[in-house]
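Visitor: I have not seen this one before. Can you walk me through it?
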Amino acid sequence: MAPRRKCPVCGSKQWHKEPSSGLITCSEGHVLQNYRNETREVTELGPHAVRKRNLKSGRKKKERQSKADPKLYHGERARFHYFQCLQVILRMQVTALMRLWELPPEFELVCRDIWALNLSLLPNPPSPEPLLHAHDSLGDNQPSKSDHTAQPSPDAGENHDDETLADTDANDSSSSSSSGSESYSSSSESDSELDELMRENSETPSSEEDELESTPRPKTTSRVRKRRTFGNYDAPATTISCLVLACWTLRIPIIYTDFIKLIESYDLPYLDPLRLLPENMTRHLRKHTVQALSPHFSPTPLHLHRLSSRLARLMYSTYDIYTPEMNAAPVLWKSVRALQGTPTLYVLTKKLARLVSIPLTLHRSLAPALVRDKKRDPTFHKQDSAVPEVALVAAVIVVMKMVYGLDGSPRQPRETEDPACALPTLSELIQAIRNAEKAADASTPPFATDRHRSVLDMDDNMLDEYLQFCEKALLPREDRLPPRNVTTDHFPLPEHTSPSSTSVTGNSPEKPPDSPMHATAVDENSDAVRPGQNYPIYNTQDILGTVPEDLELVVGRAARWAGVDEDYVLGVVERFERRVVRWMESVKRKERNERTSASE
């Protein structure tokens, strides 16, 4: 609005603004000079427009505090600490076995060397601790050099695939980040490329094939599998496999069920081992490491044999360290006694095992190759990598089938020189096996995992045995027990006498039969079936087939003694039977050729 001043023409002080033209005039109509009223709507600010600048304070923002526990180890350092815990557990296991089986001091030295070889033969060997500690202290998050330069072992196929996928994703992410940083500098090149693409898209394809080729295909995103921190060969069962190889090296006659029985009775540290480790080691364990160190069940004989045979094979192929054969004589006698056999059955089984080349090594690569008469002949037999004790007990079953048949039809020897005359009758032998099964069920401890028994079904002695087992399995070490309090004062734990030391193999010998068994009588009847005649071979691939009752009882007893399934025992028995058939055919062919050459 104009100031209140006089009009220079008429002296009037009354001014008003005309709405049509926007001019200011006095009451007499004189126009006020030197006055301009402009109206402008600003939509965009020019380059010289005044803008308000945001002032930033010079203080640094607080770094985000990590909620992770600094005591817990992660990554390669956690893996190295995991193997440290396994090594402590292995030393406890060695001490327990030396005390229970009265082993020599050299057993500990052999176990130490085999454990060092096992760590070097892993698909992903652990990195050294000083290097990991230096990386953590310097804040270096780069992967260690040993991870890239480590040579993969023959069993590292799956890990190699995972590393390839991870490297591919890392290259893709690095290429995308580099392309984003260089997008501003290459704007002119991208414009020309964009014009070229628009020109190609504007052209019409000449045929349907050209149209399909010009259509870009959508990129398929590959699913990346997360790498496992601990593999199958890093499990706590590897310590048991080291103990097995140490026993084989010292020629100690053991079988896999000897270790399993000690594990289930908590005499051999394996289940819930964290309560035995010192506090300064368990404080650094994270959740996944605790789960890896705490197996819920004892390992099976097949799993232990798989780990032991792999380690023996790699030791021989990599370092030329040969694992000797099994001390077969005591183990064969144990298998014969498990089936209530006699020394005569032991001698017959030993001869049969020599004829059919029963495998006595942990892996077939440790045994000498077969003699090849033709190029198509194999260098090894099937089931040569079977569990050694199963192979021995399968040979015992083959001899029993030759003598008794075990198919419901009785066999009677015709001559007194027949070895079957020195063996007990079939009915008494079957009854002795049934009695042995009943005695084994009765002597099964209440904490056995293969028997589901309720506390209400236990008598006083079994309850005392079970409570004593709970004290050994659930209580921590003596140095971790709580201090003296009211509970320990009024309800002290009784001091149990230590059990007497068992045999070297950790199990008591089989009990002799209650009543003596009679020898098989000679039958001169020409119509009777002789031992070795009408020998039946059952095909294990016939899933709908059945076996006779006597054979089922014998195979079940052998399977429970070896700790494997009955089908596995039947498969080994079938392979050995077919070897015997091929051997007999070769003998007959040789005799036929000799008669032919003699007649000529």
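Guide: One term to begin with: a contact means heavy atoms within 4.5 Å. Among contacts in the protein chain between residues at least 6 apart in sequence, 76% join residues at least 24 apart. This is a predicted model, where local features need pLDDT of at least 70, side-chain atom pairs count only at pLDDT 80 or more, and totals for chains, interfaces and linings use all residues. Residues are numbered from 1 along each chain as its sequence is written, and side-chain values use heavy atoms, with hydrogens and water left out.

Visitor: How many helices and strands does the protein chain have?
Guide: The secondary structure comes to 20 helices and 2 strands. Helices (H or I, at least four residues) and strands (E, at least two) are DSSP runs, numbered from the N terminus.

Visitor: And what share of the residues is buried?
Guide: Buried residues make up 34% of the 600 residues in the protein chain. Buried means under 20% relative accessible area, exposed means over 50%, and partly exposed is in between (1.4 Å probe, protein chains only).

Visitor: Which helix is largely enclosed?
Guide: Helix α9 (residues 256-264) is largely enclosed by the rest of the structure, because 8 of its 9 residues are buried. Among them are Tyr 256, Phe 259, Ile 260 and Leu 262, along with Asp 258 and Glu 264. After α9 comes Tyr 266, which has a positive phi, near 65°.

Visitor: Now Gln 93. Buried or exposed?
Guide: Gln 93 counts as buried, because its relative accessibility is 0%. Gln 93 sits in helix α1 (residues 75-101).

Visitor: What does Gln 93 touch?
Guide: Not counting residues up to four places away in sequence, Gln 93 touches Thr 239, Ile 240, Leu 243, Leu 268, Pro 269 and Tyr 270.

Visitor: Different topic. How many salt bridges are there?
Guide: The count comes to 10 salt bridges. A salt bridge is a side-chain nitrogen of Lys or Arg within 4 Å of a carboxyl oxygen of Asp or Glu.

Visitor: What is the N to O distance for Lys 401 and Glu 577?
Guide: The side chains of Lys 401 and Glu 577 meet at 2.7 Å, N to O. Lys 401 lies in helix α15 (residues 388-404) and Glu 577 in helix α20, so the pair ties together parts that are 176 residues apart in sequence. Lys 401 is buried because its relative accessibility is 2%, and Glu 577 is buried at 3%.

Visitor: What about Arg 557, which residue does it form a salt bridge with?
Guide: Arg 557 pairs with Glu 437, and their closest N and O atoms are 2.9 Å apart. That pair links distant parts of the chain, with Arg 557 in helix α19 (residues 549-562) and Glu 437 in helix α16 (residues 426-442), 120 residues apart. Arg 557 is buried, with a relative accessible area of 7%, and Glu 437 counts as buried at 12%. Glu 437, Arg 557 and Arg 560 are linked in a network of salt bridges.

Visitor: And Arg 275 with Asp 272? What is the distance there?
Guide: The salt bridge between Arg 275 and Asp 272 is 3.7 Å, N to O. Arg 275 counts as buried at 13% relative accessibility, whereas Asp 272 is partly exposed at 35%.

Visitor: Back to α19. What is Asp 550 in contact with?
Guide: Leaving aside its neighbours within four places in sequence, Asp 550 is in contact with Leu 406, Leu 426 and Ile 430. Asp 550 lies in helix α19 and is buried at 18% relative accessibility. Asp 550 and Asp 407 are 143 residues apart in sequence, yet 7.0 Å apart in space, C-alpha to C-alpha.

Visitor: Last one: which residues make the nonpolar surface patch?
Guide: Leu 355, Trp 583 and Met 584 make a nonpolar surface patch of about 260 Å². Patches are made of residues with over 30% relative accessible area and no salt bridge; like charges are joined within 9 Å, and nonpolar side chains (Val, Leu, Ile, Met, Phe, Trp, Tyr) within 5 Å. Met 584 is in helix α20 (residues 566-599) and is partly exposed, with a relative accessible area of 39%.

Definitions and conventions: Accessible areas come from the Shrake-Rupley method with a 1.4 Å probe; for residues, only the protein chains shown count as cover.
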